[in-house]
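Trainee: Before we discuss the terms used for this protein, may I see its sequence and structure?

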Amino acid sequence: GMSQTMKPQTAANKLGIHLPAAPEEFRAQGITRAELDELRADPPAWLVELRKNGPFPRDVMAQKLGVSRSALVRAGVAEALDADQIGSLLADPPEWLVRERETHRKVLAEEARLKEESRRRR
């Protein structure tokens, strides 16, 4: 049967990479689920490098910085940061980062508390 292909952006999202930083051949065409599984099982050097050093997509950046994705928008972080840039931010956090990390911690704690409560009520 016709193997379903996904758009390069979809595949990049699933792999947790920043699409513009991927090689031309990855960006140029759709990728099948089988090809995606293969990339996951046996990642080529470029994929290993991108996942380790970036530049990272927004959700990965947010995760590494311990903030929400909207925090990055509020802070005006428009470009994809790499591991070094994220390292510098964490080593000497600007005021917005300190504030957003605190907010994010509270949100996560509250979500965990609500989850626990509804679990107990069941």
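Trainee: What covers the buried residues of helix 1?

Mentor: In this predicted model, the cover includes strand 1 (5–6), helix 2 (24–28), strand 2 (31–32), helix 3 (33–41) and helix 4 (45–53). The buried residues themselves are Pro8, Ala11, Ala12 and Leu15.

Trainee: How do you know that the buried residues of helix 1 line one face of the helix?

Mentor: Viewed down the axis of helix 1, they fall within an arc of 100°, so they line one face. Helix 1 is followed by Gly16, which has a positive phi, near 70°.

Trainee: Why are helix 5 and helix 7 called roughly parallel?

Mentor: The axes of helix 5 (residues 58–65) and helix 7 (residues 83–91) come within 10 Å and cross at roughly 30°. Angles under 35 degrees count as roughly parallel, and the two helices are therefore roughly parallel to each other. Their crossing is right-handed.

Trainee: Why is Glu100 called buried?

Mentor: Buried means under 20% relative accessible area. Glu100 has a relative accessible area of 9%, and is therefore buried. Glu100 lies in helix 8 (residues 95–121).

Trainee: Which residues is Glu100 in contact with, leaving aside its neighbours within four places in sequence?

Mentor: With those neighbours left aside, Glu100 contacts Val67, Ala71 and Arg74.

Notes:
Residues numbered from 1 in each chain as written. Predicted model: local features only at pLDDT ≥ 70, side-chain atom pairs only at ≥ 80, totals over all residues. Heavy atoms only, no water. Axes fitted to C-alpha atoms, helices over the stretch in contact; angles between N-to-C directions. Helix = DSSP H or I, 4+ residues; strand = E, 2+ residues; numbered from the N terminus. Parallel < 35°, antiparallel > 145°, perpendicular 65-115°, else oblique. Left-handed = near helix turned anticlockwise from the far one by under 90°. Buried < 20%, exposed > 50% of the residue type's maximum accessible area, 1.4 Å probe, protein only. Contact = heavy atoms within 4.5 Å. Arc of directions from axis to C-beta.
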